[in-house]
Amino acid sequence: MKKLVFIFLFCAAALTSKCQFIDTLRSVIERHGSFDFSFNSRNSFISNNDAYIFGFNIGVCFGKKFTIGGGLNTLSTAIYHTKITDGDTSYGRLNLFYFSYFVEYIVNLSKHWRIDIPVSIGIGSASLQYTEKNQLVVEGNRTIIPLEPQIELDYNFNKYVGLYTQVGYRYMLVNNNLLNYNFNSVTYSVGVLIYPLEIYAGLFPRTKLAHLIED
């Protein structure tokens, strides 16, 4: 119950005014959208293990204030489960993989500062993968549905590069109870922002893709 309250307050705090948000949303969607691509990799925990999630998003941005799209996310950290069968020890690697749909509200604070508020819901699977007699064996494979609200503060030096810090929470709406892991976790990330599409548009301004990016 406390986790649900946290998620509710997290999302509610993102909207300073309901009426203002709806008016802004209506106005930006009426504009032509521009193509958007970004990485959304972040640190987290699975039980007591550090868990780095590698992900990327593809979407459409309206008026540089509202983005909708989808993405792909996978666990890139090696987390192993030990199993002993008839005196033989084997190690199963945890596999976590899911597609996600997201909406993102963007608040431009100044020329260089902005806040991004994405919320995503995903569907995928979690399982343990063993190698036994040179064959891949999958155990405990079940569907998962994670909900991930986040908030990100960006400082952009220009439209090509910047810095960011991000914090959020991963809450499993549907969990894999066959695996003895706690997937609910705080997520966080700090790093350098690079906008490859903007760089491409700057280098090749007359191409069709550049027009899709800059519209």
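Q: Why is Tyr160 called partly exposed?
A: In this predicted model, the relative accessible area of Tyr160 is 31%. Buried means under 20% and exposed means over 50%, with partly exposed in between. Tyr160 is therefore partly exposed.

Q: Which elements each supply at least two residues of the nonpolar patch?
A: Strand E10 (185–194) and helix H3 (196–203) do. Tyr160 itself sits in the loop between strand E8 (135–156) and strand E9 (161–174).

Q: What makes the pair Lys83 and Glu139 a polar contact?
A: Their side chains come to 2.7 Å. The cut-off is a pair of N or O atoms within 3.5 Å, one able to donate a hydrogen and the other to accept it. The pair therefore qualifies.

Q: Where is Lys83, and what does Lys83 touch?
A: Lys83 lies in strand E5 (residues 80–85). Beyond residues up to four places away in sequence, Lys83 touches Asp88, Thr89, Ser90, Tyr130, Glu132 and Glu139.

Q: How many helices and strands are there in the protein?
A: The protein has 4 helices and 10 strands. From the N terminus, the order is α-α-β-β-β-β-β-β-β-β-β-β-α-α.

Notes: Residues are numbered from 1 along each chain as its sequence is written. This is a predicted model: local features need pLDDT of at least 70, side-chain atom pairs count only at pLDDT 80 or more; totals for chains, interfaces and linings use all residues. Side-chain values use heavy atoms; hydrogens and water are left out. Contact means heavy atoms within 4.5 Å. Buried means under 20% relative accessible area, exposed over 50%, partly exposed in between (1.4 Å probe, protein chains only).
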